[in-house]
Structure formats: structure tokens, C-alpha cells
Amino acid sequence: MTVARTICLGFLGTIAISALLLMLPWSIADGSWGSPLVSLFTATSATCVTGLAIVDTGTYFSGFGQAVLLLTIQIGGLGYMTATTFLLLLLGKRSRLRHRVAVQESLDAAGLSSVSQLVTSTIALTLIFELTGTFLLMAKFVPEFGWGQGLWQALFHSVSAFNNAGFSLFPDSLVGYAVSPPIVLTISALIFFGGIGYQAIMEGFLWLRDWVNPNVSRFRFSMHFKTVTSTTAFLLAIGFLGFYGTELHTGAMTGESTGDRLWLALFQSVTTRTAGFNSMEIGAMSTAGLFLTIALMFVGASPGSTGGGLKTTTLRILANCTHTVLRGGDDVILYRRQVPKEMLMKAFAVVMGSLTTVIVAVVAIAISDPDLSFVEVFFESVSAFATVGLSMGITAKLSTFGKVVLICLMYVGRVGVLLLMEAMLGDPCPSTVDYPEEDLLVG
């Protein structure tokens, strides 16, 4: 039982337990037993914080079922190992070395001596952001739905947004609040902070603490923080400008006022970062807008966050590697730091593994559901793999085999291609043989 297998089996166990709970009559609104396929699909989507659904969450599931779904989203966003370690800390038990290594890998954190502190701070940050989001959303939902339902709507959407899950209790997601500044800004902020990762949030907090206290030395940001924040800001700006331009005359924003188009473009740029909420009809978007969405979804969020995709650091490493090759350099430099060769190989492996997985899934769904267009199948596959949850409205129309393919895609996208391969193949055995080099034509 390697660390990779522990993490992968932990997610499978969470999916299985959640699926069983969602099948119970208490979880279904009409009191009947739930469909095994619907329960499994929903449990996988919640555990993998994707947001794809084949039923209307707000009407199909009862209050108990929605609570199970919310707990599953929380566990999936934190990560199975983080949630388990926190439970052990509450029980006063010490975690084993293997368990601490698994937590380190699941959070992309370095060092083992302060795993308990890392988990505690992660839980604390999560609660702070989710409770803050709940109070802000209550200002809009409580006057509309009353205290009981308004509080539940605010809590559910706050947890779903911070964990980049994309589940909504409204049939049209957030289309009805597409131009509501309190909803758009609150949900966007939760998605942003949940997508940049706990390490980046902690560094920002430490910098702010030292900035307020002038008597201590200023905190210096790591290369990880600089890379994550700058790349995220760049992608958000590209998405905002791109969606505003592509949907202006021939897409989903046709006929909207200038102010409404700005809100729609802003939220669409944020939600494609593995969040899954939509404030406009995805199927009505132009072809250019759809492919821009696919590209942003494929990149995804940042390492150690609640989102999926290739990750912003992978994109930045590959971009700087390309820049180095074009300039005839030998070393990849980021913020006056040299990127290790192992990181370059890992980045290329992530891209190749991700592309291969998506291509196989697209071919499989295209064979099982030949009536769907290529754009629809491609969009749905990337959305599932990157754990985004945006859909062109074909999720419920897929055949049983197509839905199973999406279930596998969501799982692979959440645990990671490399981690899953490591779990299947076992720990790598380093070779003691060195082979001679020989040039190969490339490009």
C-alpha cells in the first residue's frame, strides 16, 4: 500500500460511501430509492468537486441528500487525506509517517514536521472563507427566501464555490443572478481564493501581517506564489477580454447591455477556472467562445487548491521552457530561480497524460453517442477531466456508457494522471544503466 494507492483508494472509498447514502430514500425528495447510476455519478462529481449533474440537485434530492452532497463536496475539496488527518487530530491520535507523506502529496506541500499545523491551518482558512461567503450571500438570499431557506442557500453555494465544485440548488445554476453584484463578486472571490491554493493564501496572509506590523522584516514571496498569482491574473484578464469580444455580437451576450456584458464576461472568466457555475447559456455561446472556454478549463486552477486541470504552474513552466528554447538558452528561469529538470519532465508528463486521457474519452463517447457533435463531446470531456462542471446541456442525454466515461474522467482528473499511474504501477525503480546520447530531429 503505497502513498499513491492510499490517496486513490481513499477517494474511491469516499465516492462509494457517498453514493450509498445518496441512494437512500431519505436522500431523495419523493422518498423512493435513488437510481444507482444517478447516485454514483453525483457522488463522483461531488467528491471530485466537478459539478456535472444528470438531475436537478435542488428538486431531486431532499434536505438530507443535499446535506450529504455538501459534506462530500467539503471532503473532496479538502482532500481525503486532509479530512482524515483532521479527524485523527480531533480524536487525539497521532498520524503515521505514511499518512503524513500522503497529506504532503495531496496538498503539494513540502516538509513533514508540521503536517498537523498545515492541516489545522487549512481547515481554519476553509472555514473562514466559507463562513464569510455565507454571511455575504445571506444578504441576498435571506430577503428572497426567508431565514431558513436563505441561510441554507447561502451556505450551500458558499461551500460549493470555495471548493470549486459548481453545484447549485437552482435549476439554471446562477443565470438568475448573472448581473447581481453581491452574488457575482462573492462567488467570484470564493472561486478565486479556492483556486489559487492554500499555500498562496497563507503567504498572502503572512505578507499582510508583516505589512501591518512595521517592526518586523517584510515577508518575501516564494516563486510558487509569484507564479500562481501572476499566471492566474493573466488568464483571468485573457478570459474576460476574450469572452467579451467573442460573445458580443454572435454569442450568448447578444442583446445585453454594456454593463450586463461586463458582469457576464467577468463571471465566465472566473468560473471556467474549474468552478462550474454558469451565468449564461453555455449552449448559446459562439464557437470561438466555446473553444476559449475549453482552453481555460484545460489549464484549470493551481496546485494545492480545490481545482483541477493542468494547473497554472504547469502552463507557466512550459511557456518559459518554450521561451528559453527560442532564445537559445539552456536553463528555464522563473523569477531569477532555475526550474529543476525534474519539474520540466513532470510538466511534460502531465500534459501528455492529460491529452491522452481526454482523447481516449472523446473517442469513447463519440462511439457510444454518435448523435452528439464533436464540440459537445470535446467540451464535456474537458469539463469532466478538469473537474470544472460546465456543460452544454448534454450530460443527462448521454448513454450509460458515456456517463461511466465521465465518471472515470472526473476521478482521474481529481487524483491526477501521474498519481493514478503511480498507484497502478507502484513505486518507480531507478535505473543504474546510463545509455549513450544521440540527436533526434524535432519540430
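1. Contact here means heavy atoms within 4.5 Å, and the remarks below concern a predicted model. In that sense, Thr 357, Ala 361, Ala 364, Ile 365 and Ser 368 of helix H15 meet Phe 401, Gly 402, Val 405, Leu 406, Leu 409 and Val 412 of helix H17.

2. The geometry behind that set of contacts involves H15 (residues 341–368) and H17 (residues 400–415), whose axes come within 9 Å and cross at roughly 170°. Since an angle over 145 degrees counts as roughly antiparallel, H15 is therefore roughly antiparallel to H17. The handedness of the H15 and H17 crossing is left-handed.

3. H15 also packs with helix H16 (residues 374–385), at an angle of about 135° and with the axes 9 Å apart. The two helices H15 and H16 are therefore oblique to each other, and their crossing is right-handed. On the H15 side the residues involved are Ser 354, Thr 357, Val 358, Ala 361, Val 362, Ile 365 and Ala 366, which meet Phe 374, Val 377, Phe 378, Ser 381, Val 382 and Phe 385 in H16. Readers who follow individual side chains may note that Thr 357, Ala 361 and Ile 365 are among the H15 residues listed for H16 and also among those listed for H17.

4. The count of salt bridges comes to 1, and the pair concerned is Lys 341 with Asp 331, whose side chains meet at 3.8 Å, N to O. Lys 341 lies in helix H15 and Asp 331 in the loop between helix H14 (312–326) and strand S1 (333–334), so the pair ties together parts that are 10 residues apart in sequence. Both partners are partly exposed, Lys 341 with a relative accessible area of 42% and Asp 331 at 37% relative accessibility.

5. Val 339 is placed in the loop between strand S2 (337–338) and H15, and at 3% relative accessibility this valine counts as buried. Leaving aside neighbours within four places in sequence, Val 339 is in contact with Ile 317, Val 332, Leu 334 and Leu 344. The C-alpha atoms of Val 339 and Cys 321, which are 18 residues apart along the chain, are separated by 9.4 Å.

6. Arg 261, found in helix H12 (residues 258–271), deserves a separate look. Arg 261 is buried yet has no salt bridge, and Glu 256, the nearest side chain of opposite charge, is 7.4 Å away. Apart from neighbours within four places in sequence, the contacts of Arg 261 are with Tyr 244, Leu 248, Met 253 and Glu 256.

Definitions and conventions
Residues numbered from 1 in each chain as written. Predicted model: local features only at pLDDT ≥ 70, side-chain atom pairs only at ≥ 80, totals over all residues. Heavy atoms only, no water. Helix = DSSP H or I, 4+ residues; strand = E, 2+ residues; numbered from the N terminus. Buried < 20%, exposed > 50% of the residue type's maximum accessible area, 1.4 Å probe, protein only. Lys, Arg positive; Asp, Glu negative; His and termini not counted. Salt bridge = Lys/Arg side-chain N within 4 Å of Asp/Glu carboxyl O. Axes fitted to C-alpha atoms, helices over the stretch in contact; angles between N-to-C directions. Parallel < 35°, antiparallel > 145°, perpendicular 65-115°, else oblique. Left-handed = near helix turned anticlockwise from the far one by under 90°.
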